[in-house]
Amino acid sequence: MNPAAVRKRILDDHVDLRTRLDRLEQLARSDRCPPAGAETLRAAGCDLLARLEAHMAFEDVHLARVLREADAWGEERERRLVDEHRQQRAHLKHIELDLREPAADVETLAHELLDLIAWLRRDMAAEERERLDPDVLRDDVVGIRVEAG
Ligand SMILES: [Fe+2]
Ligand SMILES: [Fe+2]
């Protein structure tokens, strides 16, 4: 997969994830009280986590590779991605445990999911700015760019 295709696939994933975040946000804001709300919220939260894991796994393989090969800072960029994903997975694991905890109350879960939603929106925006720059992920880069003159 070439850098432009990897970039496009990740941006498409982000569009899909943002739509899911919007839906989950609606649910987290509206379903705080009814008893049936807890199960709906748990299921929607777990769905999102599964989708996110698939997205991150794609980035671990394909984004890591094209970042590494992009330029002289490639290895550092790859290292940061791996580090960041490690921290993110620890955080997501914690949320997953709460979602699977039968005693957790719906209001606490809703709060936790709203924090997660805000965090993921910020994270995707930062990733797009810092890692998906079309000047870095180009198909015509053959090595280290040399400034002329
Ligand atoms: Fe990521
Ligand atoms: Fe991403």
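Visitor: Which residues make up the largest nonpolar core?

Guide: A residue is buried if 20 or more other C-beta atoms, placed from the backbone, lie within 10 Å of its own, exposed if 12 or fewer, and partly exposed in between. A nonpolar core is a set of buried Ala, Val, Leu, Ile, Met, Phe, Trp, Tyr and Cys residues joined through C-beta atoms within 7 Å. Here the largest such core has 12 residues in all, among them Leu24, Leu48, Leu99 and Met124. Its largest share, 7 residues, comes from α4. A second, separate core of 8 residues includes Val6 and Leu81.

Guide: This is a predicted model: local features need pLDDT of at least 70, side-chain atom pairs count only at pLDDT 80 or more, and totals for chains, interfaces and linings use all residues. Residues are numbered from 1 along each chain as its sequence is written, while chains are lettered from A and ligands numbered from 1 in the order in which they are written.

Visitor: Is Val66 buried or exposed?

Guide: Val66 counts as buried because 25 C-beta neighbours lie inside 10 Å. This residue lies in helix α2; helices are DSSP runs (H or I, at least four residues), numbered from the N terminus.

Visitor: Which residues does Val66 touch?

Guide: Two residues are in contact if their C-beta atoms, placed from the backbone, lie within 7 Å. Not counting residues up to four places away in sequence, Val66 touches Pro3, Val6 and Leu137. The C-alpha atoms of Val66 and Asp139 are separated by 9.8 Å, although these residues are 73 residues apart along the chain.

Technical notes:
Helices (H or I, at least four residues) and strands (E, at least two) are DSSP runs, numbered from the N terminus.
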